[in-house]
Amino acid sequence: MISRWHAEGAEAALARAGLGTFDAIWDLDVGHVEEPNVRRGGWSGVSRIALPYADGPCSVFLKRQADHVTRTVRHPISGEPTLHREFTRLCQFARLAIPAPTALHYAHAKEAGEWRAMLLVGEVPGRPLTSWLDEYATASRAARAAVMDAVADLC
């Protein structure tokens, strides 16, 4: 059984890209932006793709996991896909107006005892985080304090 959710416009964009089914997305042959993580009894990898939205292409990150689960009070034995927890948090952040990547599509399935999950999130525009961290490391004390104040206000 497949459980899935789409943000507005994402289902049509996926269909235009030929990715209208769970298996089409799962079997997508694209490289990873970094080496996949192999732990928790499974693997997790992230790819970057473009989706053809009605108003133009949109860069998104596709996260896929197989048997990468978290044990919870609700699911203490079989666990649940770790991506489900990330998807839930992104939805909570959106409701609370906390800046975070936008969830566009989430789906999971358990077949033959194996959990498979996927999450598509919109690419956050701007500079990579590493460039901000490099700049922060050399910033003045006042500039670093201003960043910390902004983060504290957001929290």
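## Exercises on a predicted model

**Exercise 1.** Which residues touch the most other members of the largest nonpolar core?

*Solution.* This is a predicted model. Start with the core itself: it has 19 residues. Leu51, Leu104, Met118 and Leu120 touch the most other members. Next, find the elements that give two or more residues to this core: helix H1 (10-16), helix H2 (22-26), strand E3 (42-53), E4, strand E7 (103-111) and strand E8 (114-122).

**Exercise 2.** Why is E7 largely enclosed by the rest of the structure?

*Solution.* Count the buried residues. In E7, 7 of the 9 residues are buried, so the strand is largely enclosed. Now look at its partners. Strand E1 (residues 2-6) is joined to E7 by 5 bridges, and the two run antiparallel. Ser3 has His108 as its bridge partner in E7. E7 and E8 also run antiparallel, joined by 8 bridges. Here Ala103 pairs with Val121 in E8. Finally, check the turn. E7 and E8 form a hairpin with 2 residues between them. Ala112 in this turn has a positive phi of about 50°.

**Exercise 3.** Arg64 is buried: which side chain of opposite charge is nearest, and how many Å away is it?

*Solution.* Locate Arg64 in strand E4 (residues 56-66). The nearest side chain of opposite charge is Asp27, 6.8 Å away. Then try backbone oxygens. That of Leu28 lies 2.9 Å from a polar atom of the Arg64 side chain. For Ile25, the backbone oxygen lies 3.3 Å from a polar atom of the Arg64 side chain.

Conventions:
Residues numbered from 1 in each chain as written. Predicted model: local features only at pLDDT ≥ 70, side-chain atom pairs only at ≥ 80, totals over all residues. Heavy atoms only, no water. Helix = DSSP H or I, 4+ residues; strand = E, 2+ residues; numbered from the N terminus. Buried < 20%, exposed > 50% of the residue type's maximum accessible area, 1.4 Å probe, protein only. Lys, Arg positive; Asp, Glu negative; His and termini not counted. Salt bridge = Lys/Arg side-chain N within 4 Å of Asp/Glu carboxyl O. Polar contact = N/O pair within 3.5 Å; in protein donor to acceptor, adjacent residues only side chain to side chain. Core = buried A, V, L, I, M, F, W, Y, C linked by side-chain atoms within 4.5 Å. Pairing = 2+ DSSP bridges.
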